[in-house]
Each structure stands twice: as C-alpha cells, then as structure tokens.
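Please open the model in a viewer and keep the selection panel at hand.

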Amino acid sequence: MESTEQILFLGLGYIGLPTAITLAEAGFEVCGFDVKPEVVARLNSGKIHIVEPGLQEAMTQAMATGRLHFSSVPEPADVFIIAVQTPYRETEEHKRVSDMRFVESAAKEVGSVLRAGNLCVLESTSPPYSTRMVEKIVSETSGLAPEQFMTAHCPERIIPGR
C-alpha cells in the first residue's frame, strides 16, 4: 500500500534507523535526519552504521523502493519522530538525571519546518513531562500554537541489537 504521508526521523541510531526502514518498506515516504554528516553520507550510500542483524538487507530493500533517503537538513513532513539519545548525566548532588539536550535540539529542528496539522512524536526514553517540553519548544520555534499541531509520546518497545 502506497502512502503520501511523509515522515521525518530525527536520530538514526538503534531506534530511528530500523523504524525508518520499516516504515519505508511499508509504503511511507521517509527521510532520516541526523546532525552527523558522515552518518548521513554513509546511509545515503546504502550502508548502515550500526550493528543490527538483518538490517543491512532491509536497508537495501527500502532504498530500492525510492521512498527512503537521508539528510543533514530537516525537511518538511507530515509526521516527525524524535528518536535521539537521552543519556544520563550526574548532577552536583550526585543524582542521575536524563540529559535532554539532544531532545531539545531535535524539537527545535522540528519547529523549523513544522506546519499546522503536523504530528510530532517523542520516541526517546525520557522522564515525565518531556512531551510537554517538546511541545513548548516546537511551538516557540515554529510560531504555531500547540493547538495547531499534535504532539505524542511513544515509548520504546524494542531491544537494540535484536
């Protein structure tokens, strides 16, 4: 089934890349965005940069459809999926907290190309209220009120490498 929906993945690691490939194979137009030009260049040459059994073959098939490409510049889309890392950092009080810098940066990238009616999904492992934070950043960056676009959270349901 072909779809006219365009999906932009932000973050092409163990969550974003396999999911982008799967959705391209399912008929969606998919762009993978990453801030690392070397990752984008490698992927556009048809080679994966992570270890995931069977993923290279799936990538080759998805690229052959013409529905999957990669960019270091965010592109307009209907759906934005933020799948960037959220490592832990230690506070001065020696507490481990989520480092949300990558999510915040990705939300700004989404806001730079978001249009009314679009959907922004936070896929990264993140603490409570992170989706609200993303919505606020996207709204401020895009100039659109939160009521003009949709925001959702989709917790990870896979184990990288399997």
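**A loop residue, a pocket and the cysteines**

Begin by selecting Asp-99, which sits in the loop between strand 6 (96-98) and helix 4; helices (H or I, at least four residues) and strands (E, at least two) are DSSP runs numbered from the N terminus. The model is predicted: local features need pLDDT of at least 70 and side-chain atom pairs count only at pLDDT 80 or more, while totals for chains, interfaces and linings use all residues. Residues are numbered from 1 along each chain as its sequence is written, and side-chain values use heavy atoms, with hydrogens and water left out.

Asp-99 is buried, with a relative accessible area of 7% (buried is under 20%, exposed over 50%, partly exposed in between; 1.4 Å probe, protein chains only). Leaving aside neighbours within four places in sequence, Asp-99 is in contact (heavy atoms within 4.5 Å) with Thr-86, Pro-87, Tyr-88 and Arg-89.

Next, display helix 4 (residues 101-113), which gives the most to the lining of the largest pocket, with 4 residues. A pocket is an open set of points on a 1 Å grid over the protein atoms alone, where a 1.4 Å probe fits, with protein on both sides within 12 Å along at least five of seven lines; lining residues have an atom within 4 Å of a point. Of the 26 lining residues, Gly-11, Gly-13, Ala-83, Val-84 and Gln-85 lie nearest the centre of the largest pocket.

Finally, select the cysteines: the structure holds 0 disulfides (pairs of cysteine sulfur atoms within 2.5 Å). For Cys-31, the nearest cysteine sulfur, that of Cys-120, is 15 Å away. Cys-31 is buried, at 4% relative accessible area.
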